[in-house]
Amino acid sequence: MTHHRPTTGDTPDHRTPRPRTLFPALRAAALAAALLLTGAACGGADDAAGGAQDGGTLVIGATGKLPNPDTVIGGAGYEGKRLVSFQLYEGLTRYDLSKTDGPSEITGALATSWEVAEDGKTWTFTLRDGVKFQDGTAFDADAVVFNLDRYLDEDSPYYTDALGAAAGEYAGGITKYTKLADDRVELVTAERNGHFPQDLAHVLIASPTAVRETGTENFSEHPVGTGPFKFVKQQAGEQIELARFDDYWRGAPALDRLVIKALPDAAARTAALRSGSVNWIEYPNPDDIPSLKDDGVNIVTNSYDHLWYWILDTSRKPWDDPLVRRAANYAVDREAIAEELLHGTAEPAHQAAPRGTFAYDPANDTYDHDPAEARRLLAEAGYPDGFSTSVTVPTGGSGNLVPVPIAEAVQRDLAAIGIDVEIRTTDWSTLIGAEAKGEVALDSQAIAQSTTLFQSEALLPLFIGTDSTFWTGHYSNPEVDKLLAAAGAATDRESREADYTEALKLVTEDAPWLFVVNDSNPRALSPKVQGFVQPQSWFLDLTTVRVAP
């Protein structure tokens, strides 16, 4: 059966194109509040350990609220996706997270292979045989079609606007999907899309049987996928407990149970690790790292696709002048922030391309700490005495490190060349909710936050392309747009990478952002946690991890 996306003229009630998000957290966070999650609370590390058999129980302290566990809804950024969504579900493809020495590649998950026709838009996927959902039902082509209906077909009884909006980031370009056989599907995209296999790692497949039994409204209370861990219970947004899925197609995980706790306060995360109520914390406070090491805690790091930066409003004076933007970049002492404030858990960002990506070329490093050059550029731009501006800073959130102290360090550096910055703080959900509407929370002239550029290529045009539907500082460069279009259409990786690298070189020159640091992804693990591989990725493979008695 072939399924077409409704378009204007197909039906009287046609699909209206929806805006796509700037960041993986943006739309999902705004929608999460509209979806009620219910469930019982699950116990802590000590309680959970009593049920362990062979692999033990891993209890992770997360930096923010946990996501809605209904497939693509999310609502907690990439942290929620790596710790919850990707543990419950899979797409046709997945990231190979088994290596430490390079960016994670895309490999097969629910599909074993794929090919694209000469038109660059028609893709045929061969599905993996013998895969089971966690409810024991079989995965096949019908399951793929069911899930795409749920995401893309407004006439499906299981479709919601929330699902359609969230899935639109990665599946929004699919115009037709067809079951060719029980083990083959054909997907057609509106435009040539060389990163389509990567996109599909985020188009998560749920059990059709489970969705039909609960309905979409209640599916988040009983989520069922094909991932390595199955749902046990949860306290909405605060804690979720998962158990090993013994019939997982890659082999059962080593762990018996996986518990994720929301611990937004960094001090609370450290205290929980020291008390034994968790045995793993995401992003330890850098100030705590020396003493944690003294206590025998393992601190693991690796480069990955991460940039902590300020987005500058290039439509308003004085940030509309590239000389001013470059001056501000020369004022920032990135080395001091990375080494002294963050205790070596980050590296200075001298350009737009993060160090842990293929697009990073040392020859494009541009902005050293040079206050004299910064003052010269300010004077040339007509601001010899500086100016006043403002920035909105989140108090926490996925990938944001210690945002307020970093922003204060940048504030001091800018003050040294005459730029007086007012820091306005808000919570992460408020900030990204405003961005999703094309606005800046607290009406500042800049936003401080973190981002990924290549973990999902589908989102890159929304960061640096013209006319993004979200607030991106109104940056526009036609040459960058051309390079993005060429890269997105190229099915050969070398061409895409070359175009992306050149695009980010231009972004570095234009300086629509303050480039600050690239995080090294630190996490703190109890010495009892064994078998973990830290990839160069926002995501994790927890199937190899075990917790010693």
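Biologist: Which residue in β20 stands opposite Val-300?

Modeller: The model is a predicted one, and in it Val-300 faces Arg-523 of β20. β13 and β20, the latter spanning residues 523-525, pair in the antiparallel sense.

Biologist: How do you know that β13 and β20 pair?

Modeller: Pairing requires at least two bridges between the strands, and β13 and β20 have three bridges.

Biologist: What makes β13 an edge strand?

Modeller: β13 (298-300) pairs on one side only, as does the other edge strand, β9 (229-235). The sheet is open, has seven strands with mixed pairing, and runs in the order β9-β10-β11-β2-β12-β20-β13. Its twist averages 20° from one strand to the next.

Biologist: Which helix packs on this sheet, and which strands are touched?

Modeller: Helix α8 (residues 266-275) does so, touching β2 (57-62), β12 (280-282) and β20. The direction of α8 makes about 170° with that of β12.

Biologist: Why is Tyr-283 called buried?

Modeller: The relative accessibility of Tyr-283 is 9%, and buried means under 20%; Tyr-283 therefore counts as buried. Tyr-283 is in the loop between β12 and α9 (289-294), and its phi is near 35°, a positive value in a residue other than glycine.

Biologist: Is Asp-467 buried or exposed, and how do you know?

Modeller: Asp-467 has a relative accessibility of 70%, and the cut-off for exposed is over 50%, so Asp-467 counts as exposed. Asp-467 lies in the loop between α15 (460-464) and α16 (478-489). Although not a glycine, Asp-467 has a positive phi of about 60°.

Biologist: Why is α10 called roughly antiparallel to α12?

Modeller: The axes of α10 and α12 (residues 371-380) cross at roughly 165° and come within 8 Å. Angles over 145 degrees count as roughly antiparallel, so α10 is roughly antiparallel to α12. The crossing is left-handed.

Biologist: Which residues meet where α10 contacts α12?

Modeller: On the α10 side they include Leu-323, Val-324 and Tyr-330, and on the α12 side Pro-371, Leu-377 and Leu-378 are among them. By class, the contact has nine nonpolar, no polar and three charged residues.

Biologist: Which residues does the cis peptide bond join, and what is its omega?

Modeller: The cis bond joins Lys-317 and Pro-318, with omega about 5°. Pro-318 is in the loop between β14 (307-312) and α10 (322-331).

Technical notes:
Residues numbered from 1 in each chain as written. Predicted model: local features only at pLDDT ≥ 70, side-chain atom pairs only at ≥ 80, totals over all residues. Heavy atoms only, no water. Helix = DSSP H or I, 4+ residues; strand = E, 2+ residues; numbered from the N terminus. Axes fitted to C-alpha atoms, helices over the stretch in contact; angles between N-to-C directions. Contact = heavy atoms within 4.5 Å. Buried < 20%, exposed > 50% of the residue type's maximum accessible area, 1.4 Å probe, protein only. Parallel < 35°, antiparallel > 145°, perpendicular 65-115°, else oblique. Left-handed = near helix turned anticlockwise from the far one by under 90°. Nonpolar A, V, L, I, M, F, W, Y, C, P; charged D, E, K, R; others polar.
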